Amino acid sequence: MINVEEFRRVLSGPVDGEVPQSLISRITFAAENPGAVISRAREVMVSVFEGGRAPWPELESWRAALPLWFAEACAPERSPEQAQLELAAWRRLTQAERAACEPAWTLSGWVHWFDPNGAGPERGWTWWHAGAAGETGWIDVAVEDVPFTSGALLWLIVAAGGREVDSD
């Protein structure tokens with residue numbers, strides 16, 4: 001169930017000579033201390049790897065397993081009716097308007113993307129490497145195709161303190 005290779009790369013990056021078997025996409029972000037953003041993102045990913053098991057944990061278990069700062073950064077859970085209204089409003093926005101007002105994710109919506117038991121959609125990426133230079137940080141992810149479903153990763157970076165998040 002746990003992707004041991006990805007877990008290792010979250011902790012320490014690829015080993016010397018390790019070559020991805022798929023495409024690499026780079027997500028960049030700005031931060032006063034991008035190393036701290038990466039560290040916080042790693043903390044969340046480690047919690048997902050350690051907490052994700054069969055059967056997939058309930059939401060309250062995730063609240064306890066994930067770092068408190070991350071759970072608190074997530075939006076309040078919504079009723080199905082609220083979610084439908086928000087989705088309808090979102091669909092009326094232009095692409096530029098959507099990019100300018102990316103809302104916080106709910107915790108349930110975020111962990112849903114990591115469920116390996118088929119209850120969630122395919123995440124579309126695996127952590128490959130991360131680093132920083134100056135006030136810019138980056139996270140490389142291995143992807144099968146471009147574009148890929150990057151929303152969960154982008155929200156993780158924002159919640160961890162990144163801004164001006166951009167994917168290549």
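User: What distance should the 18 residues of helix H2 (residues 34–51) span, and how far apart are its end C-alpha atoms?

Analyst: Quick note: this is a predicted model, where local features need pLDDT of at least 70 and side-chain atom pairs count only at pLDDT 80 or more, while totals for chains, interfaces and linings use all residues. Residues are numbered from 1 along each chain as its sequence is written, and side-chain values use heavy atoms, leaving out hydrogens and water. Helices (H or I, at least four residues) and strands (E, at least two) are DSSP runs, numbered from the N terminus, and the expected span of a helix is 1.5 Å times one less than its number of residues. For H2 that should come to 26 Å, which agrees with the distance between its end C-alpha atoms, 26 Å.

User: Which strands does H2 lie across, and at what angle does it run to E2?

Analyst: Axes are lines fitted to C-alpha atoms, for helices over the stretch in contact (heavy atoms within 4.5 Å), and angles run from 0 to 180 degrees between N-to-C directions. H2 lies across E1, E2 and strand E3 (136–143), and its angle to E2 is about 155°.

User: What is the strand order of the open sheet, and which strands stand at its edges?

Analyst: Two strands pair if DSSP finds at least two bridges between them. The four strands run E2-E3-E1-E4, with antiparallel pairing. One side of each edge strand is left without a neighbour in the sheet, because each has a single partner strand; these are E2 (125–133) and E4 (163–167).

User: Is arginine 26 buried or partly exposed, and which side chain does its own side chain contact?

Analyst: Arginine 26 lies in strand E1 (residues 23–30). Buried means under 20% relative accessible area, exposed over 50%, partly exposed in between (1.4 Å probe, protein chains only), so at 33% arginine 26 is partly exposed. Its side chain makes a polar contact (N or O atoms within 3.5 Å; within protein, one able to donate a hydrogen and the other to accept it, with sequence-adjacent residues counting only if both atoms are side-chain atoms), at 2.7 Å, with the side chain of aspartate 140.

User: And arginine 9: buried or exposed?

Analyst: Arginine 9 sits in helix H1 (residues 4–12). Its relative accessible area is 6%, which means buried.
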